[in-house]
Amino acid sequence: MTKHFIGERIKRNEDPRLLTGQALFVDDVEIPGMLHAAFKRSDYAHARILSIDVSTARERPGVVAIFTAQDMGEDWMPGPPLVSPPPTVKDVTFHSRRQAPLVKDIVRHAGETVAVVIAENRYIAEDAVEDILVEYEPLPVVTDLEQALAPDSPKVHDDLDSNLAAHMYQQKGDYESAKARADTIIKRRFYIDRGAAVAMENRGIIANWDEKSKQLTMWDTTQAPIPIRNGTAARLGLSDSQVRVIAPFVGGGFGPKIMMFYPEEMLLPWASKKLCRPIKWIEDRRENFYATTSERQQLHDVEMALTRDGHILGLKDDFLHDTGAFDPYGLTIPLNTQSHLMGSYVIENFSSNCTAVFTNKPIVTPVRGAGRQQGIFIIERMLDIACKELGIDPLEIRRKNFIPPDAFPYHNVIIDQAFSELIFDSGNYKAVFKKTLQMIDYERFVKEEQPRLRSKGKLVGIAIVPFIETTGVGPYEGARVQIETSGKVNVSTGYGTQGQGHFTSFAQIVSEQLGVAVKDVHIITGDTAEFHWGTGSFASRGAVVVGNAVHAAASSVRKKVLKQASKVLATPEDELELEDGLVRVADIPAKSISLGELAALANPLRGAVEPGTEPGLEATDYFGPQSGTTASGCHAMILEVDPETMMVDIKRYAVVEDCGKVLNPLIVEGQVHGGVSMGLGNAFYEKLQFDENGQILNASLADYLIVTSFEMPPHIETGHFETLSPLNKLGTKGVGEAGAIPVPALFAQALENAFQGRDLEILETPLSPNRLFELLQESRTTKEKSQ
Amino acid sequence: MNNSFNLSITVNGIQYEREVEPRLLLSDFLRHDLGLTGTHVGCEHGVCGACTILFDDEPARSCLMFAVTAHGHHVTTVEGLGSIDHLSPLQESFREAHGLQCGFCTPGFLTTLTAFLKENPDPSEDEIREAISGNLCRCTGYQHIMDAVKLAAEKSGN
């Protein structure tokens, strides 16, 4: 009987190192002779650089070099476009503008890099940065989306006619005819604002050009080491084989670390090659707010057409999307928003115009959810509003419109972020919804507890929000699995790890195939010297894409093991089993051979091999899904609001997660909890505040409030539901972003429920205690006016 | 500013003598001068708690201290709490309960909680929640960290 590893709550392989301070993060790397970089950044959001005087800075003892854009000469080049506009959507307009290593003439967002100081240590480098005198001609700033499209708006890129960065239209069916036959049309405007990822580790880069070996080694907190290797080699005129990029342990990614070719990422390797010295740059927390990407500002004008009894006939959403000063990441976020606007529902007619707008603010690229939150926020809010207008129960309206379990694969016609049709592969939304209702004890709360608490004057609200999440997209990932003569297994993949437990979950997949203990499977991620091909950690795709590549490679090795062992043990393959690091004959356990011995036999030092044999017990395989898999889930929450402080106390929180086959329940729960904490931040505590000059008003952790243990619910109850994905052998789906996606919609519903009878209608996120108070004041006034 | 100071400091039981600039942060001294990179720097504002060490057995933010203020004192970092082959009961509990994901904030939690559990070997849920409220974690949502502390308290009780 063979043991099973997939689906087990196995302790993580990587933890002992992380727990004892023995795990290598980028800033831990020390190289003899290493220099340190600090950047002079623009305080202005929009300005022309008139002059840069570095003379005093250069005189400072310990300063080795100072570079401006001018000093880069012909090597100065903006970053490459990372994601092209979708080739499969008709008539897309896209103006590509990318960030530069150092600003040449015009600064376009506060925090842009104007000069870099390379010095013996960071303290001296920062002193020298203060010595640099930059003369700016301030230019008018544009931060508001609608204002940015006005004909007299200041232009972020003056070689363009306007601040229109992109335009994309998608449709399904015929919204106008649906509208014509509707009993009710609901129209609302929604405003969604920016938040930051705030990984606990800021970004960091070390570039080490060794002139004698002509090799560049980089340590980078990136989520995409292989593309960084390829692009850096290209930019410096080197061969891929001359560049090694290592993403060691990374202290959280959450999206912004897959933005590639940040100014600092382009500058440091160039500077290292110029000076022939290793150079380190570690971002500080204040820089992180300006210099690392963030996401989420959009303005939506939405219309929903429904029948009298609550069937959705059509949905129309025209929206503006803030891309910041540049748009290297294409239209990924708005495509995700469009892909999630129809939620878990049958909506046969859909129309959406997306206009991406340049503003004088830092670049926008995906942050956990990557545009999905916005879509789910809108569809769920519209349904909540519809049920009030139609007098229908909020649970009923959802049940009525869910995609039924027999409708899969469900074709949503529009194009998603992977440039292919949005197809939901499998799911059972009604069952997940029902399970969540049971977990939160919805009926009993609404019928008994809530009225009782309300009679005591308590402001308690309950909410439930279902959601879907597109995950596991291509293009591909790969893995190499090798059994060593020690009997341990080595696995490499080009993917990176930022805390998701890959060193364990991928090992479990291998253990399942080879019968080796999870602790004896050594996983290497994030080192381009170990594996040459891959794209990076994004879109909740690790378990699906890398997992299945690992599975394929491990299966190939298993086949080799059985073939060879069959010969050695003179037994047919189907009578052999792999367990505890051995291959043994099913009924004769004494007749066995260890995997290590087999590995040695497979790599003879002398003699001849059979034609067509590959040495060792090793295999490399790739997995490239045709389309992503669709995970789904449902969150429910009971909260209480303090009427004087508007602070919120979450009493109960329940999650049901359908991510297909669960590889490790501990890890999945961890991802859900972490996602919920970010979602709570997005809903009620976090908002990147920009003023009209493009300055961030809360660029510190003292003012930008991420959730602490106090803001979390006392206990998040997690339930699992499994609809296996038919798109991959493991049947698994992604889960990395799921926890964060429905929370803003959940919060809005719960708050409206808590303030029932007060006409509170929430059309924006993030909120805050202050903002909630303001909205209540406005709503009370409206009610009084109507009396 | 090149004046230097003869610093004498005990870290994890070992005494060190080093010449340092007065403005050198304790976090930077530990990480780069002594190579004890287990203490991490998340904000340098004293908010996130990742840099927490034990200063004469009391939790303190090493990013808000100068190395020279630790002259003559003893500091414990995460490296002094246990080793890969001998995890402390608290470290082992973190592993069992999945109380860490990326691990960046973890050393700060471990030092904070080591001091806390010494004074409160049998804490209530509310007491644990308050004890960790000064440390930020972006990955775990704190729930498994709470579980780890409860587990550690149980282990020590046995």
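Guide: A residue is termed buried if 20 or more other C-beta atoms, placed from the backbone, lie within 10 Å of its own, exposed if 12 or fewer do, and partly exposed in between. This is a predicted model, in which local features need pLDDT of at least 70 and side-chain atom pairs count only at pLDDT 80 or more, while totals for chains, interfaces and linings use all residues. Residues are numbered from 1 along each chain as its sequence is written, and chains are lettered from A and ligands numbered from 1 in the order in which they are written.

The chain to examine is chain B. Of its 158 residues, 58% count as buried. Along the principal axes, the C-alpha atoms of chain B fill a box of roughly 50 × 30 × 25 Å.

Five helices and five strands make up the secondary structure of chain B (DSSP runs numbered from the N terminus: helices are H or I of at least four residues, strands E of at least two). Read from the N terminus, the order of these elements is β-β-α-β-β-β-α-α-α-α. Chain B is divided into domain 1 (5-79) and domain 2 (89-157), with bounds from an automatic or database domain assignment.

The centres of these two domains of chain B, taken over C-alpha atoms, are separated by 22 Å. Where they meet, 16 residues of domain 1 of chain B are in contact with 11 residues of domain 2 of chain B. On the domain 1 side, strand 3 (52-55) and strand 4 (58-61) of chain B are the elements that give two or more residues. Strand 3 of chain B gives the most, with three residues. By class, this side of domain 1 of chain B holds seven nonpolar, seven polar and two charged residues (Ala, Val, Leu, Ile, Met, Phe, Trp, Tyr, Cys and Pro count as nonpolar, Asp, Glu, Lys and Arg as charged, and the others, Gly among them, as polar).

B:Asp57 sits in the loop between strand 3 and strand 4 of chain B. Although B:Asp57 is not a glycine, it has a positive phi of about 75°. B:Asp57 counts as exposed because it has 11 C-beta neighbours inside 10 Å.

Chain A is the partner to consider next. Between the chains, 44 residues of chain A are in contact with 43 residues of chain B. On the chain A side, helix 1 (15-19) and helix 17 (665-685) of chain A are the elements that give two or more residues. Helix 17 of chain A supplies the largest share of that side, six residues. The side of chain A that touches chain B comprises 19 nonpolar, 16 polar and nine charged residues.

Chain A is itself divided into domain 1 (15-22 + 474-623), domain 2 (143-424) and domain 3 (429-472 + 630-787). The C-alpha centres of domain 2 and domain 3 of chain A lie 21 Å apart, and 40 residues of domain 2 of chain A are in contact with 41 residues of domain 3 of chain A. Strand 9 (184-192), helix 8 (285-291), helix 9 (332-340), helix 10 (372-390) and helix 11 (394-401) of chain A each supply at least two residues of the domain 2 side. Helix 10 of chain A provides the largest share, eight residues. That side of domain 2 of chain A divides into 15 nonpolar, 10 polar and 15 charged residues.

A:Asp759, a residue other than glycine, has phi near 60°. A:Asp759 lies in the loop between helix 18 (743-754) and strand 30 (764-765) of chain A. With 17 C-beta neighbours inside 10 Å, A:Asp759 counts as partly exposed.

Chain A also contains cis peptide bonds, among them the bond from A:Phe408 to A:Pro409, with omega near -5°. A:Pro409 is placed in the loop between helix 11 and strand 17 (410-415) of chain A. The peptide bond from A:Gly474 to A:Pro475 is also cis, with omega near 0°, and A:Pro475 lies in the loop between strand 19 (459-471) and strand 20 (477-483) of chain A.

Conventions: Contact = placed C-beta atoms within 7 Å.
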